[in-house]
Amino acid sequence: MSMFAFRRPLVVATCVAALLSLGACSLFSKSDTRYDPAPLTDYKPGMSVRQSWSVSVGSGGGLGFFPTVVGDAIYAAAPDGTVGKYDLLSGRALWRTDAKADLTAGAGSDGTTTVVASNGGDVIAFDDSGKQKWKVRASSEVSDPPLVGNGLVIVRTGDYRITAFDARSGDRVWSVQRPGPALALRTTSQMVMAEGLVIAGLPGGKMMAINSDSGNVQWEGTVATPKGGSDLERLNDVVGAPRIVGSLMCAVAYQGRIVCFDVSQGGRTVWAKDFSGVVGLAADETAVYAPDQHSVVYAFGLRDGTNLWKQDALRNRHLTAPVALAQAVAVGDYDGYVHFLSRSDGQLLARLSVGGGAIVSPLQTTSQGVLVQTGNGNLVMIGTN
């Protein structure tokens, strides 16, 4: 899948996707190894990890697919149309159903309503027995998992529109649209809900907070400002999910910045650093962690942006967005490995192969460990105790 979505005709080199991965491309000599994935290196083990269980969700994977954990249940979907609910402790399927369509995104859930999107732009909702509740047509394609909460199903479409539907009936409740650039990244992206607000990063380097009840925009902020003369040079999208720790909300943009805002002070910028990410970030009470576009992982102080450490042992391994654990920061890579880095200094502590090809779905922390959706459609739980 290309990491770019085109909004109007553009003349672009066929190797344009390499701007993100900087992988093999005719623009580079075959003897040029600067962009090759770093080989796995030896390290001194610092923690114990193991595969607790694995279960097939369906066939395939993609940027729009990552599971939702609600209590002791996992809701997940696959491109072949499979949607299911799984037990968090064992991976056992509690129910599975067929959406009867190829899917582009899923699964969002609040534990009562589970929602996916099809390649025809349909938004499809299921009840908690796996029975279809409703299906509505969105204004454009849906490439990000729907957000479900506060009695709403919220989707972001390719025409830069965020729309809320009633979770019970599928009726449209509100819609917000902003103008967008001609070219946008097709990468992992996620809206979050906090204190009655829907918070979304947008193409063009913007953040938006929307009142979930009314659809009124409460706040708009700038993560990064597009620069350059061409559409490619001005590509400047907020990627991954915004992360909230206390009153701080942090986000990262491609070819832009990594920024933390104070939402208790009207979205005042607390700190910002020039940065280019493609998958998002993680945050805890002390630091923000983010891989750059070359998969070099950085840690910055949460309160002031101080550079804490940098780890380049995973360079060009096409890392996922990280998750922060009690002891470590975990990331997945293109070859089916999950790596664990020390929160304090970034040193490698552990690694585990979960197979299934490239991991592109963001990892998730759960009460049972780290949850991974693999490239071939498996759910894998990694125990870290």
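Modeller: By class, six nonpolar, five polar and one charged residues line the largest cavity. Nonpolar means Ala, Val, Leu, Ile, Met, Phe, Trp, Tyr, Cys and Pro; charged means Asp, Glu, Lys and Arg; the others, Gly among them, are polar. This is a predicted model: local features need pLDDT of at least 70, side-chain atom pairs count only at pLDDT 80 or more, and totals for chains, interfaces and linings use all residues. Residues are numbered from 1 along each chain as its sequence is written, and side-chain values use heavy atoms, with hydrogens and water left out.

Colleague: How much space lies in the largest cavity?

Modeller: About 60 Å³. A cavity is a set of points on a 1 Å grid over the protein atoms alone where a 1.4 Å probe fits but cannot get out; lining residues have an atom within 4 Å of a point. Volume is the space filled by probe spheres set on the points, which are joined across faces, edges and corners.

Colleague: Which residues line it?

Modeller: Among them are Phe66, Gln190, Arg243 and Pro362.

Colleague: Switching topic. How many disulfides does a search of the whole structure find?

Modeller: One. Cys250 and Cys260 form it, with sulfur atoms 1.9 Å apart; the cut-off for a pair of cysteine sulfur atoms is within 2.5 Å.

Colleague: Which parts does the pair tie together?

Modeller: Cys250 lies in strand β21 (residues 248-253) and Cys260 in strand β22 (residues 256-262), so the pair ties together parts that are ten residues apart in sequence. Strands are DSSP runs of E, at least two residues, numbered from the N terminus.

Colleague: Are those cysteines buried or exposed?

Modeller: Cys250 and Cys260 are both buried, meaning under 20% relative accessible area with a 1.4 Å probe, protein chains only.

Note on methods:
1 Å grid on protein atoms, 1.4 Å probe; cavity = no way out; pocket = protein on both sides within 12 Å on 5 of 7 lines; lining within 4 Å. Helix = DSSP H or I, 4+ residues; strand = E, 2+ residues; numbered from the N terminus. Buried < 20%, exposed > 50% of the residue type's maximum accessible area, 1.4 Å probe, protein only.
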